[in-house]
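Let's go through this one by question and answer, starting with the sulfur links. Have the sequence and the coordinates open as you read.

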Amino acid sequence: MNARAMLALALCAAAAAACARRPARTIRVCADPNNLPYSNREEQGFENRIASLLAADRHATLEYTWWAQRRGFVRNTLKANACDVVIGVPSRFEPALTTKPYYRSAYVFVTKRDRGLHLQSFDDPALRRLRIGVQMIGDDFSNTPPAHALSNRGLVPNVVGYTVYGDYAAPHPLSGIVDAVDRGEVDAAVVWGPQAGYFARFARAPLDLTPVSPRMDTPSLPFAFDISMGVRRGDTELRDELDEFLVRRRGDIDSILRAFGVPRTDAATEGTGS
Amino acid sequence: MGAPGSRILFFPLAGFLAVGAACQKNQPGPPPPDSARPLSGTVTDTDLTRLQQDDGQWVMPAKNYASTRFSGLNEINTSNVKRLGVSWTFSTGVTAGHEGAPLVVADTMYLVTPWPNILYAFDLTKPGAPVKWSYDPKTLGAAKGVACCDMVNRGAAWFNGRVFFNTLDGRTIAVDAETGQPRWTTQLADINRGETMTMAPLVVNGKVLVGDSGGEFGVRGWLTALDAGDGGIAWRAYSTGPDKDVLIGSSYKPFYASDRGTDLGLTTWPGDAWRIGGGTVWGWISYDPDLDLIYYGTANPGPWNPDQRPGDNKWTAGMFARSPADGQARWFYQTSPHDLFDHDGVNELVLADLRIGDATRKVLMRADRNGLFYVIDRTSGEVLSAAPFVPVTTNRGVDMKTGRLIEVPEKAIKAGVVTRDICPPAPGGKDWQPMAFSPATGLVYIPHQNLCEDGEGMQVSYIAGTPYVGASVVFKPGPGGNRGALTAWDPIQGKPVWEAKENFPVWSGALVTAGDVVFYGTMEGWFKAVDARTGELLWQFKTGSGIIGQPIAYRGPDGKEYIAVQSGIGGWPGAIVSADLDTRDKTAGNGWGGVLADLKQATTKGGMLYVFSLGSGQ
């Protein structure tokens, strides 16, 4: 070995620590560009924050593939190999291989605090007298669990439907149903926790958020869901890596969820956010 | 209050906002020629009623206002069709489902592709029919994420020197048929609210009639008439809501009592459910010039589950007769009141004058999603007969006194409950794929599926950040095991005459000619010619991809008869291939995954136009 080669070797050895911290890989995330509180193109959602945490943890650069989270989302992103991880999916989500759950939330009743309604149960007789907002899916024979629960109890004429998609031209398409409570267009709404928790913060009047009960309706209709990260089916290597990350950085993730007001029905570290 | 998002931030979302389309004014065209079909030159005849009777041309997707898809050409017939060969082809370069029909006007063929909805004109006077011009409307990519069932387009329409077509991102566009220059664009549907446009327009008396798609997104269905000259909206008739929105007034005279009353589009829904009640208009429109009435169907009620919308849910899942001048309704008939099964009422309405009993009746015929073949008096809306053309467990026919479908509610799908042998399933006995009627044989040729479904408990899904549950629906072959067929149907007797069984659902349109030949395509890619009287297979050609397009016939500038069809798998079932759905999930493609698991082995995607004639390529 000549002197020059030895010098190069020495330099490289000296710089090894720095080299290791240089981004050696890219974390490719599939996300909706206009879906607060989860994600948006400006990276203001809590899933954006978790993705940034993940990238920093892996000393990786973060790259997004943006696609509206509609029918075909997984097909056109994860499955098309355009990206490798979806930050939030239900743990029992068939189209993806999912990690262990990192939070659990529930559908919640959203009411104005000054109304003093204190709704907790779908069996509360007061529901029959109230105008109730609920989100509709529109996939054949599918709907949000509260939509099923209300119709199962014959609560129909006083129910107001909001499409779960909202108006995608709006800056935050999902806010409509919570805004409707705030504006008094409906007395109550039943909304998926993370959306309710986030948009309730921007209400003019204080809103109450109460997880619905029962926690499970017959026959086997759940109102609380575990949320995991999702990777391509078969990508067990990445799934295992993410599982390790989710356990080790649990406190940081819980902080992010708490900052966004995500109501939890599992035990979060450092006290629950709800 | 946490640091992130301490206020709601407003920002424009590049690439997804509907483009405010420029509106160009009409340029006056040259005067109409004397003959309906000059051998060359520009046709600018305004008299579509005359042109649609000319068998040399194919000026609207259904051939004529009666939507018969019958060509009077007979050069190609049962004795010589076996000599049919490929004359020329054209690759669209698009891999989504090709459901469209080409048009032939004078010496030019027009073709609009699935998204991105490029319009092509071909010069039929030259060998190989080179592209004369093409027009790219720059359809927004974001529309793909909104379309329910593949990114299809069902064809264009021609009138007065212009070609009209819809784009998936919700525009109707008029293009100069000679030069390919856009004349006007009107933005009608809003993809940001889940609306798209996939249907073929129909032009009647200078009005371009178009409707919307997207019932699953909670949109409110409508049919809109645009002025062919400048694209301005002449009228719009909604499918739900108060009478003034539905254009129901003093001329409205329905046959059955259940369709009479004030504001039924409000009162047959709970609360405000009608506001997102569906009833989109994505199928076909027919027109009777003598009665001066248009006929079209409305789609299923949505996005509500049936138990969330007690009532008849007017005016969804039925058919309207309207005056094309002002849109005013004449009558309405509801094929599926309070639809339980996703049985849209959008299938084509074929107009004919049939000898029924001792009288000749002006009828319309409909092979409905609900499995019944309806013969209806088109002057009044009276049901003359309704007979099952596929195995049916979801209804017991029609009460002929009240006109009402006799439903079997225990077959309705409910989340968490196992319901088996629901026939026909959501796509129905027949979906959008149009049938043909031959006045020569008196038979209707119905391309259809033979399927049932099981609703099997609960499935967790996720959309727009929201977990939800629904019945996991799985389609399966109907009795006999064949998943599709082309059935020749006697509309007067209300029974089949012959049936050509197919392994896969027949998702293509049908064409019948005066040569007594019926043409249709299969999902494997076979383009078939069968004897219109016996169903005997006379000729077949294997195209490059599964066929879900609409075959047409025309006479070329050389005087020869040509048959044209697009090949290119896709559509609701074919998305298994065109969108590469995972068939390990039996519920993929909303139920198709299991029953069409073998489609991926049978065909691959890719759009191609095929044009056939006698003796070609031999």
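Q: How many disulfides does a search of the whole structure find?
A: This is a predicted model, so local features need pLDDT of at least 70 and side-chain atom pairs count only at pLDDT 80 or more, while totals for chains, interfaces and linings use all residues. Residues are numbered from 1 along each chain as its sequence is written, chains are lettered from A and ligands numbered from 1 in the order in which they are written, and side-chain values use heavy atoms, with hydrogens and water left out. A disulfide here is a pair of cysteine sulfur atoms within 2.5 Å. Over all chains, the search gives 2.

Q: Which parts of chain A does the pair Cys30(A) and Cys83(A) tie together?
A: The two sulfur atoms sit 2.2 Å apart, so they pass as a disulfide (cut-off within 2.5 Å), and the link is right-handed, with 115 degrees about the S-S bond. Helices (H or I, at least four residues) and strands (E, at least two) are DSSP runs, numbered from the N terminus. Because Cys83(A) is in a loop and Cys30(A) in a strand, the pair bridges 53 residues of sequence, joining the loop between α4 (73-76) and β5 (85-90) to strand β1 (residues 25-31).

Q: Are Cys423(B) and Cys452(B) buried or exposed?
A: These two cysteines form a disulfide with S to S at 2.2 Å, and it's right-handed because the torsion about the S-S bond is about 105 degrees. Cys423(B) is in the loop between β25 (418-422) and β26 (436-438) and Cys452(B) in strand β28 (residues 451-463), so parts 29 residues apart in sequence get tied together. Buried means under 20% relative accessible area, exposed over 50%, partly exposed in between (1.4 Å probe, protein chains only). Cys423(B) and Cys452(B) are both buried.

Q: Which residue of β16(B) is the bridge partner of Ile285(B)?
A: Two strands pair if DSSP finds at least two bridges between them; β15 (residues 285-288) and β16 (residues 293-297) of chain B have 4 and run antiparallel. They make a hairpin with 4 residues between them, where Asp292(B) in the turn has a positive phi of about 50 degrees. Both faces of β15(B) are covered, with Ile285(B) and Tyr287(B) buried on one side and Ser286(B) and Asp288(B) on the other. Across in β16(B), the partner of Ile285(B) is Tyr296(B).

Q: Which residue just after α5(A) takes a positive phi?
A: Helix α5 (residues 145-152) of chain A has 7 of its 8 residues buried, so it is largely enclosed by the rest of the structure. Among the buried ones are Pro145(A), His148(A) and Leu150(A). Just past the helix, a positive phi of about 75 degrees belongs to Gly154(A).

Q: What area is buried between chain A and chain B?
A: Contact means heavy atoms within 4.5 Å, and here it takes 68 residues from chain A and 62 residues from chain B. Buried area is the accessible area (1.4 Å probe) that two parts lose on being put together, summed over both. Carbon and sulfur atoms give 60% of the total, which is about 5900 Å².

Q: Which residue of chain B forms a salt bridge with Arg131(A)?
A: A salt bridge is a side-chain nitrogen of Lys or Arg within 4 Å of a carboxyl oxygen of Asp or Glu, and the count between the chains is 2. For Arg131(A), the closest N and O atoms are 3.5 Å apart, and the partner is Asp272(B).
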